[in-house]
Amino acid sequence: VSSWVEYLLEMIDERYSYDFKLYNRDMIQRRLEAFMIKHSIKELQNAIGAILFDKSAFKDFFLEVSINVTQFFRNPKSYKNIAKILLENYQHSYSVKVWSAGCSSGKESYSMAIMLQNLNMLEKSIIYATDFNGVVIEEAKNGIYSNEAYETACKNFDEMGLNDSFNNYVVKNDNFIKMKKKIREKALFFQHNLIKDSSFNEFDIIICKNVLIYFNEELQKKVFGLLYDSLKYGGFLVLGESEAIHHSFT
């Protein structure tokens, strides 16, 4: 199995110019199995053939690999810490630049915008939200989410104990919610590949949650180099709860 997976990753890079070769193999294996179940494919070789020679099948596999599970205010304790950082360090600064790296569907980026608005700091802030998956970037720009996402958002938001309501930041109807314009316009979404692209600004805060867990150590080191180069002196890097600073950058 492992040799077939290696062959698949080599050929994806060659045919489609997406390099997954340094991604965590267990994760790739799980996403490949999920792809096979969804497409009712029993043999691994048939799945590989479909991915390499059928562009729509590749797109489905690509989405399996590249979409991270995310939610509004995931891990409320982390956002409480971010609020503390903002108040202690940036309340009196002229501007706040934030990078949401690996933003997926944009929930994390909009959570940050809501947090800044709650602290009366959104006007002077700008959030650069990036992902290498162009499909989710387009979805994120729309700022439209399911009622299920709304319910989770309200629960997480209430856990933070703010004197505020998530409803103040969204327009809700029976089928979906949409982020209000003042929140949407502060998040700039565009495609950026953490592996292949270079630093594009200096940031006060970089949020890169639950992205690095998908990479092997070599790739993590490379990405930490990019994050280091992108932080202002004295800036802050926020990682997911199961991630740690690479030992080369402690």
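## Model and confidence

pLDDT is the predictor's confidence in each residue, on a scale from 0 to 100. The chain has a mean pLDDT of 93, and 99% of its residues reach 70 or more. Confidence is lowest in helix α4 (residues 55-66), with a mean of 87, and highest in β1, at 98.

The structure is a predicted model, in which local features need pLDDT of at least 70 and side-chain atom pairs count only at pLDDT 80 or more, while totals for chains, interfaces and linings use all residues. Residues are numbered from 1 along each chain as its sequence is written, and side-chain values use heavy atoms, with hydrogens and water left out.

## Overall form

The chain has 10 helices and 8 strands; helices (H or I, at least four residues) and strands (E, at least two) are DSSP runs, numbered from the N terminus. The radius of gyration, taken over C-alpha atoms, is 19 Å, close to the 18 Å given for 250 residues by the globule rule, so the chain is as compact as a globular protein of that length. That rule is 2.2 Å times the number of residues to the power 0.38.

Of the 250 residues, 49% count as buried, a term for under 20% relative accessible area (1.4 Å probe, protein chains only).

## The sheet

An open sheet is formed by 5 strands in the order β6-β2-β1-β7-β8, with parallel pairing; two strands pair if DSSP finds at least two bridges between them. The edges are held by β6 (187-191) and β8 (231-239), each with a single partner strand, so one side of each is left without a neighbour in the sheet. On average, neighbouring strands are turned by 20 degrees against each other, direction ignored. Axes are lines fitted to C-alpha atoms, for helices over the stretch in contact, and angles run from 0 to 180 degrees between N-to-C directions.

Strand β1 (residues 96-101) is joined by 3 bridges to β7 (residues 203-208), and β1 pairs with β2 over 6 bridges. Ser-100 stands opposite Ile-207 in β7, and its bridge partner in β2 is Ala-129. Strand β2 is joined to β6 by 5 bridges, with Asp-131 opposite Gln-191 in β6. Because 6 of its 7 residues are buried, β2 is largely enclosed by the rest of the structure.

Helix α6 (residues 107-118) lies across β1, β2 (125-131), β6 and β7, at about 170 degrees to β2.

Terms used
Contact = heavy atoms within 4.5 Å. Buried < 20%, exposed > 50% of the residue type's maximum accessible area, 1.4 Å probe, protein only.
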